[in-house]
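Visitor: Could you open the model for me? I'd like to talk through the ligand and the pockets.

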Amino acid sequence: METKTEATTTFLTRPYLPPLEEFLPYLAQIWESRRLTNGGPFHQQFEEALREYLGVPHVCLFANGTLALITALQALRITGEVITTPYTFAATTHALLWNGIKPVFVDIRRDTCNLDEEQVEAAISPRTTAILPVHCYGNPCAGERLQQIADTYGIKLIYDAAHAFGVTLDGRSLLALGDLSVLSFHATKVFNTFEGGAIVCHDAKLKQRIDYLKNFGFADEVTVVAPGINGKMNEFQA
Ligand SMILES: Cc1ncc(COP(=O)(O)O)c(C=O)c1O
């Protein structure tokens, strides 16, 4: 039996890595400062650089995209039922289930593989609190129509934008859509931090709540304002 080696394997994708010699000086800085995590200098620099690069008002970094999704649902206090797509990575649905929310699947469009916006209204019930579409493979969802539906029914619109890093439509970032968007920086993604993720949101108050929630609910060293989780990105990832 032939063993698969690097030479005989055809890679569909491979993670992007910078030259090791460019990475090592950053590691040296971490060794010197002993700031390994908890919003250290690299975390702060990366969050700001990403905010500028993506052209968005607020970025909250996470250890991975799944924790970002779970926290995003908590931050907006989503409950009951959420309309979502069956054609996605498992984490989209699992984030709902980990919050005790019932996923209500609506079929996808053939052209984009995204949630079919014209089937969403028929799935809305009195328990529906949000729509969770995915920009599948970076194909933009029908943002305008979905927002119209969310506004009509007074529900939230949360994008799983794990595949949509840096994607623009008519010169506008997809991350400007909805109440917030969640990114993944997993090794398989266009842009990676080994593991990693972020929530992109539009107002400072929501960013603050997300930042508390991802850090055990700590508002300061002695005040816990909510039952949080540990979703922090560390200095090595940043
Ligand atoms: C659509 C989608 N949502 C969520 C995730 C979860 O992201 P992560 O692997 O960073 O937890 C992924 C990829 O892994 C994904 O493809």
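Visitor: What does H163 do with a polar side-chain atom here, and how far is that atom from an oxygen atom of the ligand?
Guide: In this predicted model, a polar side-chain atom of H163 lies 2.8 Å from an oxygen atom of the ligand, a polar contact being a pair of N or O atoms within 3.5 Å, where within protein one must be able to donate a hydrogen and the other to accept it, and residues adjacent in sequence count only if both atoms are side-chain atoms. The ligand also has an oxygen atom 2.7 Å from a polar side-chain atom of S184, and for T66 the corresponding distance to an oxygen atom of the ligand is 2.6 Å.

Visitor: And how much of the ligand does the protein cover?
Guide: On its own the ligand has 380 Å² of accessible area (Shrake-Rupley method, 1.4 Å probe), and the protein covers 93% of that.

Visitor: Which residues are closest to the ligand?
Guide: The ligand is surrounded by 15 residues, the closest being T66, D160, H163, S184 and K189, where near means having a heavy atom within 4 Å. By class, that shell has four nonpolar, nine polar and two charged residues.

Visitor: Which pocket is the ligand in?
Guide: The ligand takes up the space of the second largest pocket; a pocket is an open set of points on a 1 Å grid over the protein atoms alone where a 1.4 Å probe fits, with protein on both sides within 12 Å along at least five of seven lines, and its lining residues have an atom within 4 Å of a point. A molecule sits in a pocket if more than half of its atoms lie within 2 Å of its grid points.

Visitor: What volume does that one have, and what lines it?
Guide: The second largest pocket has a volume of about 560 Å³, and of its 27 lining residues F89, A162, H163, S184 and K189 are the closest to its centre. Its lining takes at least two residues from each of α3, α4 and β8 (180-184).

Visitor: Switching topic, what about the largest pocket?
Guide: The largest pocket holds about 670 Å³ of space, and among its 24 lining residues F23, F46, F191, Q237 and A238 lie nearest its centre. By class, its lining comprises 18 nonpolar, four polar and two charged residues.

Visitor: Anything to note about numbering and cut-offs?
Guide: Residues are numbered from 1 along each chain as its sequence is written. Local features need pLDDT of at least 70 and side-chain atom pairs count only at pLDDT 80 or more, while totals for chains, interfaces and linings use all residues, and side-chain values use heavy atoms, with hydrogens and water left out.

Key: Nonpolar A, V, L, I, M, F, W, Y, C, P; charged D, E, K, R; others polar. Points joined across faces, edges and corners; volume = space filled by probe spheres on them. Helix = DSSP H or I, 4+ residues; strand = E, 2+ residues; numbered from the N terminus.
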